Structure formats: structure tokens, C-alpha cells
Amino acid sequence: MPSIINNEPCYIYHVRDYQEHSLFLETITLNYGPITVLARGAKRARSPLQGVLQPFVPLRISIKQSQRGDLFYLTDYAFCGEGYNFKMPEYFCGLYLNELLHYLYRSGDDNGNLDVFASYLQCLEAIDHHEHIELNLRLFELNLLKTIGYAVPVCDDGGAPLQPNEPYRYCFGVGFIQFDQEMIELCNEITGSTPQRVGGDVAEDSADVTASAPAPDASADDDSALLFAKSKVRGRKLEDKPRMTTGAYFNEDPWVYLPQATSFGGSEKQVPKLTREQKRAKLRFYQHDLLGPLLTGIQILDIATHKLHKPQALANAKQLTSAIMSRLLHGREIESRRLYREYLQMLKQKQQAKKDAAATTAAPAPEAAPAAATSEQE
């Protein structure tokens, strides 16, 4: 990365205070990926930067590297377009993108930066136009995971191509492990729960995904009404660097094996079958790293190649990326998801209050009981 960068297109996705009058800006740039920039004096009352350094505003920044390390100082800026003014609840979708960048994107991730920037911009456009929001959120997640070293593999844990109709389950840091009926029974025996099986495509899957944010009356307690990955996970603390240990692509990009894997079994490599005790030992060793639902080989390939225009494929991708990113977040809460839940719950309560008020107004008034005689007739 050069020590001086001029007129670099960027978006700010996180801002934090530094000392009394300065700000640290975390930016996603077009050519250099994530860069942290120090804006000196940005908080002063007469600073021209007041109100400028905001998320969702396209900027061109000029920065200069300090002599002591990787820190960059902001030297100049210019607007290069109008910012996005998202409304509720779409605003939470934009916050969700920025949170993922803040927690997962690092300056050392040099490969795929252009894909992440393009996917980020495409997602902002989709949110702004209320079109294909969930689809673009999944594509952004997949591009981000690929850039940081967690691309969806298209081989099993032994390096063999995935079989189209065989079920697999994702193992963090290893890849996909094939789950036959015996493995499912052993998993139930060891963990006390049966892995969730995702069914095949249904007839209505042929329709394109055009839905944006869920309707206001969607249940706030139902994860299917949420566009984001789950926010918390309890598990072991993981290392910061990815560990790609899946057979034939150790520490390599698994996507380069996609042409060989699309044949589904065309490889000459024969993987020996495991005995029941070997399968039990394998499950015990990996039981804390098994994530997400059971997916068939063809469903996994749809996710890896971004063929998510069918509702079933989109739902599969959501469950898989949700599981992977929950582990990568080390149990951190995604604030935008919590706010999104609370917003939907508030709308639901308001609508219920209006229905109750309308029902009370429309109900007929009870008839008055006849007055009782107060005295006897003489």
C-alpha cells in the first residue's frame, strides 16, 4: 500500500472518538480494502468536518501514512455523490453491513477487496430501491467470507467432490462432512439432538426472490422474518486467522477446484469408508465445530456459485452464513439485529393496539336494564 493515497473512493462504516478533538474512521475503499484513518480536529466546533464523516456517504479521501506504522492521516476529502437516506426498517440493514465490516474485515485481507466493495455498494443500492434486499445481503456475506478466508468449499473434508444428493454438514475450519443415516443416528446419540435436515426445492422455488424487508406485521420472534444472521453463539474462542485444512486445498482458495467439483463424483480419488466406531470418534472430535443444517451437494453448490434466486436456496444460504459468522463473531451481539427485532415488535404492538381500539369502537353499546319500581302503586 502506498504511503500517500489521493482521491480514493470510500465509504465510512465505523467512527470512534480519539482523544478530545479527533476521530478514528474505519473506511472501505475501492482499491485498498479497509483502511483506518485519523481525522485530526474533526470534533472541534469550527471544523469543516463537522457532520461530514457519516456512514452511507460516498467520499473521495486523500490520506498520508504516518512514519510510525500503518496509521493514515486524513489530508483532504470531497463528496462524490449524494448519500443514502434510508428509512425504517431498511436503515437497520445498512447498519448490519457496517457491523460485519467492523468486526470481520481487516486491512490484511488483500484478496477480493474489489468484490467486497462492489457487493457493499450493490447492497446499499438494493436497500435504497427496496429491491432484492435479502438476496444482496446474502451475496455480501458470501463475498466477505470468501475474502477473509472462509469461502464455501465445494469439496468434502477429504478433498473429494460433493455428491449431488448426499447430505453434508459444515464443520468449522474443516469443510463439509458427509452425513449418512448412521452419522445422523450417532450425532443424535452423542449430542442429544438430530441435525436439521433441509428439504429439496419445492415447486414455488422457481419464482424469483423480489421481497425486500419483511412486512410490519411479521412476527418479531420468528427468525424467518429477519434478514440478518443470528447475533449470539456460545462456544469456544477461536483463533483470529482462518485455518483451511480441507484435504486438497490446504491454505488455498477452494474456488479454484470448482470446475472439478461440478462433475459431482468425477474425481478418481476414492475415500475409504469409515466404520461405525471411526464415525463415532470423528463426531466426538468435531461435535463443537459442526454448524448449520444438513445440506445436499447440489444445495451447497448453489450457495458456492451464488445461485440464490430460488427461495429455498436463499434460505439455505441464510442458515449457513448465519452459523459461520456467529462463530467468527466470538459471541458478540449484532446490535442492528437487536434493534431490528425491537422495531418489528413495536410495530406489532401498535397494530394490535389499533385493532383493539377499532374493535372497542365498533362494538354495540349494551342495552340499559329497565329501571326497577321505587314504590308500589296505591
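The buried residues of helix 4 pack against strand 6 (167–171), strand 7 (175–178), helix 6 (276–286) and strand 8 (290–296). Buried means under 20% relative accessible area, exposed over 50%, and partly exposed in between (1.4 Å probe, protein chains only). This is a predicted model: local features need pLDDT of at least 70, side-chain atom pairs count only at pLDDT 80 or more, and totals for chains, interfaces and linings use all residues. Residues are numbered from 1 along each chain as its sequence is written, and side-chain values use heavy atoms, leaving out hydrogens and water.

**Helix 4**
- Helix 4 spans residues 181–191, and its buried residues are Met183, Ile184, Leu186, Cys187 and Ile190.
- They lie on the same side of helix 4, because they cover an arc of only 165° around the axis. The arc is taken from the directions from the helix axis to the C-beta atoms.

**Nonpolar cores**
- A nonpolar core is a set of buried Ala, Val, Leu, Ile, Met, Phe, Trp, Tyr and Cys residues joined through side-chain atoms within 4.5 Å.
- The largest nonpolar core has 54 residues, and Ile28, Leu101, Tyr120, Leu144 and Leu308 touch the most other members.
- A second, separate core of 18 residues includes Ile12, Leu49, Val57 and Leu59.
- Beyond its neighbours within four places in sequence, leucine 144 is in contact (heavy atoms within 4.5 Å) with Leu100, Leu101, Leu104, Tyr105 and Val116.

**Whole chain**
- Of its 378 residues, 46% count as buried.

How values were computed
Helix = DSSP H or I, 4+ residues; strand = E, 2+ residues; numbered from the N terminus.
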